[in-house]
Amino acid sequence: MQYPEFQFLSSQTAQVAQGCYAFGIFEKNDTTPDTTHLVHTPFYHDVLIPLIKESQFTGKQGTTAMANCFHGGGKVILVGLGKQETVDEEVIRKAASMVYSACVQLHSPSVIVYFTTLLNDKTHLKAFAEGILLSAYLDQRFKSKKETKTTCLKQVSLLDAIANDQTIQLAQKITAGANLARALVNAPANHVTPAMLAQTATELAQKHHLQLNILEKEDCQRLGMGAYLSVTKGSSAPPKFIHLCYKPKSLDTQSPFQKIALIGKGVTFDSGGLNLKTGNAKIELMKFDMAGAAAMLGVAEAIGAIKPNKEIHFIIAATENMINGSATKPGDVVTASNGKTIEIDNTDAEGRLTLADALVYAEKLGVDAIVDLATLTGATVVALGIRIAGIFGTNSQLVNSLMAASPRTGEKIWQMPLEASYFEHMHSIIADMRNTGSKQGAGSITAALFLKQFVEKTAWAHLDIAGTVWTEKPWYYYKAGATGFGVRLLVDWILNS
Ligand code: BES
Ligand code: ZN
Ligand code: ZN
C-alpha cells in the first residue's frame, strides 16, 4: 500500500494552471456558497465563478464539483465545507476524503489544496491529513489480479498553510495504527488466527521496543482462567493470551490515568459454538469478532511510534469460538480466575467469558484505568446502529474523558446505563451467575454488568463496538469493510487526558 506524501507550498512559487487544485468552499446559505476568502486567488474569475455557476455549487458539506479547467490538463475540485461556524475536525476529515475521491476519479496523482486559513489550525491540519491517509487504505491482499489502473494519489500539497511537519507525522502515526487494525479485521479468519495476532504483537514489540508476554494454554490453566479457556476448548487453533506493554521513560504525573490497561476482544472467529449462529446472525461476518483486539494492536502501533508519557498495557485473550467434541456445552459451569463461577447458558455469549479473565489479569497489574473494546452484543447494533458505539463505565472521570475525545476523532460513542438491578436477569440456580440474561431485553447492558463482576476497584470503561467496526458501504474515508474503530479515539484519549 502506498500512502500519499504531504508538502507545504506557497502561492508565490506554485505554478498556476498546472496540476490539480482542490478548494474548500463554505456555504453562505442554502443556495449560495461563500467565496469571499477566495476573491484574491488567481482562479477566482476565470475558473471558480464559472464552475460554481455551472455546477450550481452551494458549498454544502459533503458535496463536490470538479472540472478540467486549464489548458495542459489542469483540474479543479470544489469541496463543500458547510457553514463556516460549524467547521470542526470531522468536517475537515470528511472534506479531505472528498478531495481524495475526486483525485481518484480525475486520475490525478497529485493535488494542491487550498482550504483558506483553516489548515493553519493544528487540529484541522491533523484531521485533514487523517482524512487523506484513511481514504488511501486499499486492500488487495486477497485479489489475484491487483488493480493497477486506479491512479492513487501520491502527493498532497497544502497551499499557504503554516508548515507543520510534526502534525503531519502525528497523523501518519495514528492512521498507520487505524489502518493496521482495518487490515487485521478485513483479513479472513483462516489468516487471522490467535497465533497470527500473537505474531503481529511480536512484530510490534520488536519494531517499537515494547515488552511482550504471550501466555500459552498451560499458562492460562495455571492462572485459573476457566472462563477464557472454556471458549477455546472447541477449537483446534491454540489460544494465545497476549500482553504487550509500552513503558515510557517518565510518567505524566498530571494525568489521573498514568497507567492504563487496554483490553480487546479477540475472538478470531465466532461460530457461536454449540449455540451455532444461524439465520440472520451473520456467521459469515464473524471474522470481525477480533476487532477489539485489532484496535489494541493498532493503538500499540501508534503509541509505540508517538511515545507518550503513559504506561500502556495491551491485553488480548485471543481464541476462536468453534465446535468439536471437546467444545463447551450449554449448561456447563466454569470458574474464572477471580474464583467466580459461571453457568454457560449460551456458548455464543463467549466474548464476555474471554474478557472476564482478561479483566482480572488487567486489574492485577495495578493500573489506574482499564478500558475494554469488544464486539460484544448484537443488542448494541439494535440500540445505536453502525456509527455509534456504546460506552459503559463505573468512573465518571474516565467515561467523560473518553467521551471528550469522541468529537475530536469523529468516532461517536454514547453512554449507556449500568442498571444494577438488571443483573438479576443473569441469576443462576447452580452457579454465581449465568453468562446471559433471561429474555427481558437490555442485552448490551446485561453483557456490561457481567463484565463488571470481574473488576473490583479499578476505574473501568467498556465500549461495545459491535456496530461500528464494519461498514457494508463505503463512507467518506472508509472503504467498505473494516473501519478500525477505536484506534483514533483511544490514541486521542491517551494523548489528551
Ligand atoms: N460477537 C457477537 C456479537 C455480535 C453480533 C457482534 C452481531 C456484531 C454483530 C457475540 O459474541 C454474540 O454472539 N452475542 C450474542 C449474545 C447473546 C447470545 C446473549 C448476541 O448479541 O446475540
Ligand atoms: Zn458470540
Ligand atoms: Zn462474539
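This is a predicted model: local features need pLDDT of at least 70, side-chain atom pairs count only at pLDDT 80 or more; totals for chains, interfaces and linings use all residues.

Author: Aspartate 270 belongs to strand 10 (residues 259-270) and aspartate 348 to the loop between strand 13 (341-343) and helix 9 (351-363), so the pair ties together parts that are 78 residues apart in sequence.

Reader: Which atoms coordinate the zinc ion (ligand 2)?
Author: Its donors are Asp270 (OD), Asp348 (O), Asp348 (OD) and Glu350 (OE), at 2.0 to 2.2 Å. In sequence these residues follow the spacing D-x77-D-x1-E.

Reader: And what is the arrangement at the zinc ion (ligand 2)?
Author: The site is irregular, with angles of 71 to 168° among the six donor atoms.

Reader: Turning to the zinc ion (ligand 3), which are the protein donors?
Author: They are Lys265 (NZ), Asp270 (OD), Asp289 (OD) and Glu350 (OE), lying 1.9 to 2.4 Å from the zinc ion (ligand 3). Their spacing along the chain is K-x4-D-x18-D-x60-E.

Reader: What geometry do the six donor atoms give there?
Author: The arrangement around the zinc ion (ligand 3) is octahedral, because the six donor atoms subtend angles of 78 to 174°. For reference, ideal angles for six octahedral donors are 90 or 180 degrees.

Reader: What about aspartate 348?
Author: Aspartate 348 counts as partly exposed, at 22% relative accessibility.

Note on methods:
Residues are numbered from 1 along each chain as its sequence is written. Chains are lettered from A and ligands numbered from 1 in the order in which they are written. Side-chain values use heavy atoms; hydrogens and water are left out. Donors are N, O and S atoms within 2.8 Å of the metal (3.2 Å for Na, K and Ca); water is not among the atoms, so sites may look incomplete. Four donors count as tetrahedral if all angles lie between 85 and 135 degrees; four count as square planar and six as octahedral if opposite donors are over 155 degrees apart and all others between 65 and 115; anything else is irregular. Helices (H or I, at least four residues) and strands (E, at least two) are DSSP runs, numbered from the N terminus. Buried means under 20% relative accessible area, exposed over 50%, partly exposed in between (1.4 Å probe, protein chains only).
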